[in-house]
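I opened the notebook and went through one protein model. These are my entries, in the order I looked things up.

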Amino acid sequence: MYKKILFSMYVFAITIFPQQGHALFDDKEARKKIFAVEAQMIESDEAAQAEISQLKQQILDLQNEAKNQGLTQLNEIQALTNELAQLKGDLELATHQVEALQQREKELYVDTDERIRKLEEVILVQQQAQEAAAIEAAAITPEMAHFTEADSLLQTEQYVEAFKSFDSFVNTYPQSEMADQAMYRLGYSQFSIKNYQLAIGTQEKLLKLYPDSPKAAEAMMNIGDSQIQLGRVKGAKATFRNLIKQHPDSELVPTAKSRLKALAAF
């Protein structure tokens, strides 16, 4: 643009001063016009420079604006990226918490189901026990009730009452399946109240009537102990030897041997 302005001034000058050569520089009027042209050229140059500077500033402003806009957009993008990352993290955390809650609910369900199942089993067992007890209670006969009452007296060491109750049972139910059990307990009650002779007679009757009774070995032990109490050492030794011989597998054999060893000196 500056060169275009100079060229225009040159054309203006040669148009004003046509075909005058070097002589026109001696002319004052011509010099004034030249100065005027030069001033106009300078003014035009300054205007051009100002316009150029203004254009450069506008370009710079536009560049800065574009840069600022770019930075603003970049910051906005970064902010959105950060927000997206935060949201993604929150989503992952929420998903993890939901999964944890679901797992906990599953565990609680399994645990509750197991507890209910066990409780149902306990209730069923209790019901069965109650039903069995009810059936058993309904099946208790006067005979069983009598035996149970007498045995309770013996277990609580009420020996006199137990003796009377078992004596009554033996006389009332001589054919009972529990007759041998009752007879042994009768003899034991007699021994406990120190009626040793009656105890021996009762236990001997048991062995005679029920030789295969589970209480046979115990009856023999009771006889031997009663004989010791009466001072019948020889008879006691014989009783203990028979016990060992007739019932070698009985748990009372060690006791019988111990008794024999203690009586060896007599």
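**Entry 1: ground rules.** I began with helix axes, which are lines fitted to C-alpha atoms, for helices over the stretch in contact, with angles running from 0 to 180 degrees between N-to-C directions. Helices here (H or I, at least four residues) and strands (E, at least two) are DSSP runs, numbered from the N terminus. I noted that this is a predicted model, where local features need pLDDT of at least 70, side-chain atom pairs count only at pLDDT 80 or more, and totals for chains, interfaces and linings use all residues. Residues are numbered from 1 along each chain as its sequence is written, and side-chain values use heavy atoms, with hydrogens and water left out.

**Entry 2: the whole chain.** How many helices and strands does the protein chain have? I found nine helices and zero strands. Along the sequence, the pattern reads α-α-α-α-α-α-α-α-α. Next I looked up burial, where buried means under 20% relative accessible area, exposed over 50%, and partly exposed in between (1.4 Å probe, protein chains only). Of the 266 residues in the protein chain, 23% are buried. The chain exposes about 19500 Å², and carbon and sulfur atoms supply 57% of that area. Such areas come from the Shrake-Rupley method with a 1.4 Å probe; for residues, only the protein chains shown count as cover. I also checked contacts (heavy atoms within 4.5 Å). Among contacts between residues at least 6 apart in sequence, 48% join residues at least 24 apart.

**Entry 3: helix 3 and helix 5.** Two packed helices are described by the angle between their axes and the distance between the axes. The axes of helix 3 and helix 5 cross at roughly 30° and come within 11 Å. I looked up the angle classes: under 35 degrees is roughly parallel, over 145 roughly antiparallel, 65 to 115 roughly perpendicular, and the rest oblique. Helix 3 and helix 5 are therefore roughly parallel to each other. Helix 3 passes helix 5 in a left-handed crossing. A crossing is left-handed if the near helix is turned anticlockwise from the far one by less than a right angle, and right-handed if clockwise. Which residues make the contact? I listed F147, D151 and L154 of helix 3, and Q181, A182, R185, Y188 and S189 of helix 5.

**Entry 4: aromatic rings.** Rings of Phe, Tyr and Trp (its six-membered ring) pair if their centres lie within 6.5 Å; planes under 30 degrees apart count as stacked, over 60 as edge-to-face and the rest as tilted. I counted five aromatic pairs by this rule. The rings of F147 and F169 have centres 5.7 Å apart and planes at 70°, so this pair is edge-to-face. F147 lies in helix 3 and F169 in helix 4 (residues 159–172), so the pair ties together parts 22 residues apart in sequence. Both F147 and F169 are buried. The rings of Y184 and Y188 have centres 6.3 Å apart and planes at 35°, so this pair is tilted. Y184 and Y188 are four residues apart in helix 5 (residues 179–192), which separates them by about one helical turn. Is each one buried or partly exposed? Y184 is buried, at 11% relative accessible area, while Y188 is partly exposed, at 33%. I also noted one aromatic cluster, formed by F147, F166, F169 and Y173.

**Entry 5: A219 in helix 7.** A219 lies in helix 7. It is buried, with a relative accessible area of 0%. Leaving aside neighbours within four places in sequence, A219 is in contact with Y184, Q203, L206 and L207. From A219 to Y188 I read 8.4 Å, C-alpha to C-alpha, and 31 residues in sequence.

**Entry 6: helix 7 and helix 9.** Helix 7 (residues 216–229) and helix 9 (residues 253–263) pack at an angle of about 20°, with axes 11 Å apart. They are therefore roughly parallel to each other. Helix 7 passes helix 9 in a left-handed crossing. M221, D225 and I228 in helix 7 meet T255, A256, R259 and L263 in helix 9.

**Entry 7: two loop residues.** E157 is not a glycine, yet has a positive phi of about 65°. It sits in the loop between helix 3 and helix 4, and is exposed at 57% relative accessible area. K194 is not a glycine either, and has a positive phi of about 70°. K194 is in the loop between helix 5 and helix 6, and is exposed at 63%.
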